[in-house]
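Please examine the sequence and the three-dimensional model shown below. The paragraphs that follow proceed from charged pairs to strand pairing, then to the disulfides and the nonpolar cores.

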Amino acid sequence: QVQVMESGGGLVQAGGSLRLSCEASEYIIRTSCMGWFRQAPGKEREGVAGIDVDGSTIYADSVRGRFTISKLYASKTVYLQMTSLKPEDGAMYYCAADTRSCRRIFSAPHVSDMNKWGKGTLVTVSS
């Protein structure tokens, strides 16, 4: 049973924008750190952005100021608005949920296993 599902990936030119969506149950969104992660070929999976139960957000240094994470309970969706995209932003983007705090998850040196992972959506940025 799919509990977290991403959409919105695609091909975009450098400098462009894209919005990713992550659908999950309202219960999961209300009780979890919801995070976006990405993995490029040959690279380790990295945290991109997270939004916690209280709405506080955290971002990787590489995307801060360009990406915005938000959540909307009515649509049971967590969004990742990406602007000023760079070729190095191209990757498979995953949405995940976990009952630990976002600050704890994103402060770890490596991405740890999350309670629930989506299957990913591919973002390609052309130069």
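This is a predicted model: local features need pLDDT of at least 70, side-chain atom pairs count only at pLDDT 80 or more; totals for chains, interfaces and linings use all residues.

Arg66 and Asp89 are both buried. Side chains of opposite charge can pair when their charged atoms come close. Here the side chains of Arg66 and Asp89 form a salt bridge, with an N to O distance of 2.7 Å. The two partners belong to distant parts of the chain: Arg66 sits in the loop between strand S6 (57-59) and S7, Asp89 sits in the loop between S8 and S9, and 23 residues separate them.

Because its relative accessibility is 11%, below the 20% limit, Arg66 is classed as buried. Besides its polar contact of 2.7 Å with the side chain of Asp89, the side chain of Arg66 reaches the backbone oxygen of Ser62 at 2.8 Å. When residues up to four places away in sequence are set aside, Arg66 touches Gln81, Met82, Thr83, Ser84, Leu85, Lys86 and Asp89.

How many salt bridges does the structure hold? There are six. One of them joins the side chains of Arg64 and Asp61 at 2.6 Å, N to O. Arg64 is partly exposed, at 48% relative accessibility, whereas Asp61 is exposed, with a relative accessible area of 65%. Another salt bridge brings together the side chains of Arg100 and Asp98 at 2.9 Å, N to O. In that pair, Arg100 is partly exposed at 22% relative accessibility, while Asp98 is buried at 3%. Through shared partners, salt bridges also connect Arg38, Glu46, Arg66 and Asp89 into one network.

The discussion now turns to strand S8. Five of the six residues of S8 are buried, so the strand is mostly covered. S8 runs antiparallel to S3, and six bridges join these two strands; within this pairing, Cys22 has Val78 of S8 as its bridge partner. S8 also runs antiparallel to S7, again with six bridges. There, the bridge partner of Phe67 is Met82 in S8. Four residues lie between the strands in the hairpin of S7 and S8, where Lys76 adopts a positive phi near 55 degrees. In a regular strand the side chains alternate between the two faces of the sheet.

The structure contains two disulfides. One of them joins Cys22 to Cys95, with an S to S distance of 2.0 Å. The torsion about this S-S bond is about -75 degrees, and the disulfide is therefore left-handed. Because Cys22 lies in strand S3 and Cys95 in strand S9, the bond ties together parts that are 73 residues apart in sequence. Both Cys22 and Cys95 are buried.

A disulfide also joins Cys33 to Cys102, with an S to S distance of 2.1 Å. Its torsion about the S-S bond is about 105 degrees, so this disulfide is right-handed. Since Cys33 belongs to strand S4 and Cys102 to helix H2 (residues 102-107), the bond ties together parts that are 69 residues apart in sequence. Cys33 is buried at 0% relative accessibility, and Cys102 is buried at 2%. Counting bonded cysteines along the chain, the disulfides follow the pattern 1-3, 2-4.

Which residues have the most contacts inside the largest nonpolar core? They are Met34, Trp36, Leu80, Met82 and Tyr93, in a core of 29 residues. At least two residues of this core come from each of the following elements: strand S3 (18-24), helix H1 (26-31), strand S4 (33-39), strand S5 (46-51), strand S7 (67-72), strand S8 (77-82), strand S9 (91-98) and strand S11 (121-126). Apart from this core lies another, of eight residues, including Ile58, Ala96, Cys102 and Met114.

Leaving aside neighbours within four places in sequence, Tyr93 is in contact with Glu6, Leu20, Trp36, Phe37, Arg38, Val48, Phe67, Leu80, Met82, Gly120, Thr121 and Val123. Among these contacts, Arg38 is also a member of the salt-bridge network that includes Arg66 and Asp89, and Met82 is also touched by Arg66.

Technical notes
Residues are numbered from 1 along each chain as its sequence is written. Side-chain values use heavy atoms; hydrogens and water are left out. A nonpolar core is a set of buried Ala, Val, Leu, Ile, Met, Phe, Trp, Tyr and Cys residues joined through side-chain atoms within 4.5 Å. Buried means under 20% relative accessible area, exposed over 50%, partly exposed in between (1.4 Å probe, protein chains only). Contact means heavy atoms within 4.5 Å. A salt bridge is a side-chain nitrogen of Lys or Arg within 4 Å of a carboxyl oxygen of Asp or Glu. A polar contact is a pair of N or O atoms within 3.5 Å; within protein, one must be able to donate a hydrogen and the other to accept it, and residues adjacent in sequence count only if both atoms are side-chain atoms. Two strands pair if DSSP finds at least two bridges between them. A disulfide is a pair of cysteine sulfur atoms within 2.5 Å.
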